[in-house]
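I opened a new page for this one.

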Amino acid sequence: GHPDVDRKRFWEAMEPTNFALSLVGDALLYPHLSSLLEELKRMKKSTFLVTKGMVPERIEALGAEPTNFYISLCAPDKQTFKKVDAPKISGAWEKQMKSIELLESFKCRKVMRITLVNGLNMLQPEKYAKIIGKSGFDFVECKGYAWMGHSRSRLPASSAPTMDDIRRFSQ
């Protein structure tokens, strides 16, 4: 009811067209994910499914594809993965690599997302390149860690890379 709100834009906002499916933990754990993707597709909505790839069997069982399928990769190798991600499940690195392999069979847009953290995982870009090269991803998104929220109690401010740091690493 605010007088400065454009009524047309207000009503457009009531009909979203893009849906990000990214839950704390993993969106693939949602038991009705395929049904949700099918319904959103039927409604001609765009979907962005984001996962770390810890449950490859759920990827194999998906009955419907998202518009965009993101896998977040935080390390170039198993040792760095254990340090950065501190997985609570056994075989997490292998599960993530299996998920990356599975995405090759999908027809939707596939995106590898790498969140870069100074002093932690901004190393060995050639190893990231090797994973990317055999993955079949359409896009690679390198983004920088932002020093905010609870993470400030675990990491120093210098962990947040600059845009120049990200560009150098990406090149």
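Predicted model: local features only at pLDDT ≥ 70, side-chain atom pairs only at ≥ 80, totals over all residues.

**Entry 1: one residue to begin with**

I looked up Ser-72 and, skipping neighbours within four places in sequence, found it in contact with Val-50, Thr-51, Lys-52, Gln-96 and Arg-113. Contact here means heavy atoms within 4.5 Å. Ser-72 belongs to strand 3. Helices (H or I, at least four residues) and strands (E, at least two) are DSSP runs, numbered from the N terminus. Is Ser-72 buried or exposed? Its relative accessibility is 17%, so I put it down as buried. The cut-offs are under 20% relative accessible area for buried and over 50% for exposed, with partly exposed in between (1.4 Å probe, protein chains only).

Residues are numbered from 1 along each chain as its sequence is written, and side-chain values use heavy atoms, with hydrogens and water left out.

**Entry 2: the strand around it**

Next I checked the rest of strand 3, and six of its six residues are buried. Asn-68, Tyr-70 and Ser-72 point to one side, Phe-69, Ile-71 and Leu-73 to the other, and both faces are covered.

I then traced an open sheet of five strands, in the order 1-2-3-4-5, with parallel pairing. Two strands pair if DSSP finds at least two bridges between them. At the edges I found strand 1 (18-21) and strand 5 (139-144), each pairing on one side only. On average, neighbouring strands are turned by 20° against each other, direction ignored. Axes are lines fitted to C-alpha atoms, for helices over the stretch in contact, and angles run from 0 to 180 degrees between N-to-C directions.

I went through some of the pairings. Strand 1 and strand 2 (residues 46-51) run parallel and are joined by four bridges. The bridge partner of Ala-20 in strand 2 is Phe-48. Phe-48 also stands opposite Asn-68 in strand 3, and strands 2 and 3 pair in the parallel sense over four bridges.

Which strands does helix 2 touch as it packs on the sheet? I get strand 1 and strand 2, with the helix direction at about 170° to that of strand 1. Helix 7 packs on the sheet as well, touching strand 4 and strand 5, and its direction makes about 145° with that of strand 5.

**Entry 3: the core**

The largest nonpolar core has 33 residues, and Leu-49, Leu-62, Phe-69, Leu-73 and Ile-100 touch the most other members. Such a core is a set of buried Ala, Val, Leu, Ile, Met, Phe, Trp, Tyr and Cys residues joined through side-chain atoms within 4.5 Å. Helix 5 gives the largest share, five residues. I followed up Ile-100: beyond four places in sequence, its contacts are Ile-71, Leu-73, Met-112, Ile-131, Ser-135 and Phe-137.

**Entry 4: rings**

How many aromatic pairs does the structure hold? I have five. Rings of Phe, Tyr and Trp (its six-membered ring) pair if their centres lie within 6.5 Å; planes under 30 degrees apart count as stacked, over 60 as edge-to-face and the rest as tilted. Phe-81 and Trp-93 have ring centres 5.5 Å apart and planes at 55°, so I call that pair tilted. Phe-81 is in helix 4 (residues 78-85) and Trp-93 in helix 5, twelve residues apart. Both are buried.

For Tyr-128 and Phe-169 the centres are 5.5 Å apart and the planes at 85°, so this pair is edge-to-face. Tyr-128 lies in helix 6 and Phe-169 in helix 7, so the pair ties together parts 41 residues apart in sequence. Tyr-128 is buried at 1% relative accessible area, and Phe-169 counts as buried at 12%.

I also noted the charged end of Arg-152 over the ring of Trp-147, 5.9 Å from its centre. That label needs NZ of Lys or CZ of Arg within 6 Å of the ring centre and within 35 degrees of the ring normal.

**Entry 5: two loop residues**

Most residues other than glycine have a negative phi. Lys-44, though, has phi near 60°. Lys-44 sits in the loop between helix 2 and strand 2 and is exposed, at 75% relative accessible area. Gln-124 has a positive phi too, near 50°. I found Gln-124 in the loop between strand 4 and helix 6, partly exposed at 30%.
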